[in-house]
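Try each task before reading its solution.

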Amino acid sequence: MPFPGGELVSEKSILCDMNLFCLGKATATSAMSEKVRTRLEELDDFEEGSQKELLNLTQQDYVNRIEELNQSLKDAWASDQKVKALKIVIQCSKLLSDTSVIQFYPSKFVLITDILDTFGKLVYERIFSMCVDNRSVLPDHFSPENVNDTAKETCLNWFFKIASIRELIPRFYVEASILKCNKFLSKTGISECLPRLTCMIRGIGDPLVSVYARAYLCRVGMEVAPHLKESLNKNFFDFLLTFKQIHGDTVQNQLVVQGVELPSYLPLYSPAMDWIFQCISYHAPEALLTEMMERCKKLGNNALLLNSVMSAFRAEFIATRSMDFIGMIKECDESGFPKHLLFRSLGLNLALADPPEGDRLQILNEAWKVITKLKNPQDYVNCAEVWVEYTCKHFTKREVNTVLADVIKHMTPDRAFEDSYPQLQSIIKKVIAHFHDFSVLFSVEKFLPFLDMFQKESVRVEVCKCIMEVFIKHQQEPTKDPVILNALLHVCKTMHDSVNALTLEDEKRMLAYLINGFIKMSVNRLAMETRKVMKGNHSRKTAAFVRACVAYCFITIPSLVGIFTRLNLYLHSGQVALANQCLSQADAFFKAAISLIPEVPKTINIDGKMRPSESFLLEFLCNFFSTLLIVPDHPEHGVLFLVRELLNVIQDYTWEDNSDDKIRIYTCVLHLLSAMSQETYLYHIDKVDSNDSLYGGDTKFLAENNKLCETVMAQILEHLKTLAKDEALKRQSSLGLSFFNSILAHGDLRNNRLNQLSVNLWHLAQRHGCADTRTMVKTLEYIKKRSKHPDMGHLSELALRLPLQTRT
């Protein structure tokens, strides 16, 4: 098969190409065969139009075109057009010699080396697959002896094709991309190729192109042979020898032609240099950093080089030498690469590792002397963002306050803060991450003025969320500080007011959680603390303050998402209002809770799973009934207004089929009405007159109470009738006995109708043999025992009417 059109060539051709391109032996170039010349022309002069058309594209179009070439490479390979695939890779590699738009070069490097990586992977996998036959599979850690001759010949053919590329840059990049394939040929292939490829880079005249070529070689070398650190170090030291080219006349003239200033040009080197340094510093001993620092000094403490050193080595190594680095930074030439970027890099290291304790204040002073003199707000805030963390970590609120004041001073003129919200947000997060005690945090004088700079609503809400998250997580003790509470009330109001019709459900849920957390930790607790301080005797001011707390809860609760969260907070807040003698506000909370019950869905999300809601509703209503015992009737709404409203809601609520929760709730209502008929209630709230005081055992009140009892009992009995079916007899027995026990505990069994009802329920519980005999026996023993107490003699007669049926 001809050389350009396939993978395999004859042994004679291999030897010829090896002499020409690999081993460098003397050959008669004048006698080069027409066949070889054709190969070179095909590899060099392909698709020139396609390459030229990339020159005048916009940046986005350029990116799109490179992505198309990447896909074309995969398509060509998939269709077994290996030479076409190689041509595409060569075409793309040639673009790395073009610096006509110099500021785009790093982006172009990333795009094109992605294609090179794809090509290298395809070639390696192709050769690897040729080593697999029916008898064995090549192990991961194979040796060249395990590779068959066909795979080796194919591998050599690829290297010879690449060696045919005339231009240095594409030849270097394409060979580097398949560096790993040397494993198929010899054990020392990679270790021999790395120094040669390193020397090839010396032929690249443009220092920017050269440093990115070195970065690519370091990356590939670390991937395929991380143990060959000496070759990678040689690559780096070669770079240091040619480093002064950056400031040479050729580069300066190029910058003038393109209208690029040196401060914009030098940072283009940073990504490549950082990668090179990271490769050589990987698992490197601390002594290597000392050597690098010495080399930096010999090169005049070049700022670009020094920045890469601080970015690459371990933060612990940098932190212990902080004062040495500050001394080197002071001596740097600021032209092209300003010192504040060096201080920023140093600050990033000090956020990860602590410097010697005795040097900490001096380090902060030296850094801030440079940072505070910066005129450009963006440069200033980029540095301040880093050093705020160092200040919070090692100093007190006094130093933090000084730093925040300086940030406000720099960012307020001309509303510069509007262009730096991400950095300002980062500063806030770092401050609150270190000051968990909010009494300390809000005593930092400039903290609240700093918050005022967040004037864009979306950003302000995000900052408020961060503050509330930390408060809920770390504020363990109740706080009475009016400054803290006022500030956090404002924070919650900001979050609440941000909710609108377009707000996503997840966002609403998060805001509800945060506001709910604050209400539970602060507002209601604050009202109760105020009551405690005033011993229940509110002054005009404290009464107004408590009403304000209650009102805040009332307007905030509807913004919460979870329906049971709202119900429980309505109940809790109503209890707090009642305890503080805010009777009308308490009524408002209880009415709101009652009106919300019809909205309770059949299922609710609990930890990501949908569960029935009736058990939660039953629990809430039982708590609600306990509170309603002590709630006085409103003078304008009639007797037991809230109880009647609640019963109407329970009656209209759509309960689950085959559910007895409605009857269990009615049973709880009977317990409540029984307690309300007592001359003196079981418990009270201080300074609140409940219905026992308001009505004083009035006969009309008791009559109304009895009517409600009869209505509720009728509902229970009606439900028991519906259970007279085979599949529901067990439920009927259980509910009948439960109702019997309620009458026994709360009813007056001297009433003949009630006495007869209890006997009927006893028989109902046993009628179909579904009752728990042991429970029935114990219940009867309890009745007999109680009958011996004074005023309980009527229970003796009842016990005689309650037979125990045996099962047959």
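**Exercise 1: the hairpin**

Task: Find the hairpin formed by β1 and β2, and say how many residues lie between the two strands.

Solution. This is a predicted model. β1 and β2 form a hairpin with two residues between them. In the turn, look at Asp 607: its phi is positive, about 55 degrees. Next, trace the strands. β1 covers residues 603–606 and β2 covers residues 609–612. They run antiparallel, joined by four bridges.

**Exercise 2: a helix span**

Task: What span should helix α34 have, and how far apart are its end C-alpha atoms?

Solution. Start with the residues: α34 runs over 661–676, which is 16 residues. The expected span is 1.5 Å times one less than the number of residues. Now check the cover. Of the 16 residues in α34, 14 are buried.

**Exercise 3: a loop residue**

Task: Is Asn 580 buried or exposed?

Solution. Locate Asn 580 in the loop between α30 (563–579) and α31 (583–596). Its relative accessible area is 3%. Buried means under 20%, so Asn 580 is buried. Then list the contacts, leaving out residues up to four places away in sequence: Asn 580 touches Ala 527, Met 528, Arg 531, His 538 and Val 546.

**Exercise 4: the whole protein**

Task: How many helices and strands does the protein have?

Solution. Count 40 helices and two strands. For burial, take the 808 residues: 51% are buried.

Note on methods. Residues are numbered from 1 along each chain as its sequence is written. This is a predicted model: local features need pLDDT of at least 70, side-chain atom pairs count only at pLDDT 80 or more; totals for chains, interfaces and linings use all residues. Side-chain values use heavy atoms; hydrogens and water are left out. Buried means under 20% relative accessible area, exposed over 50%, partly exposed in between (1.4 Å probe, protein chains only). Contact means heavy atoms within 4.5 Å. Two strands pair if DSSP finds at least two bridges between them.
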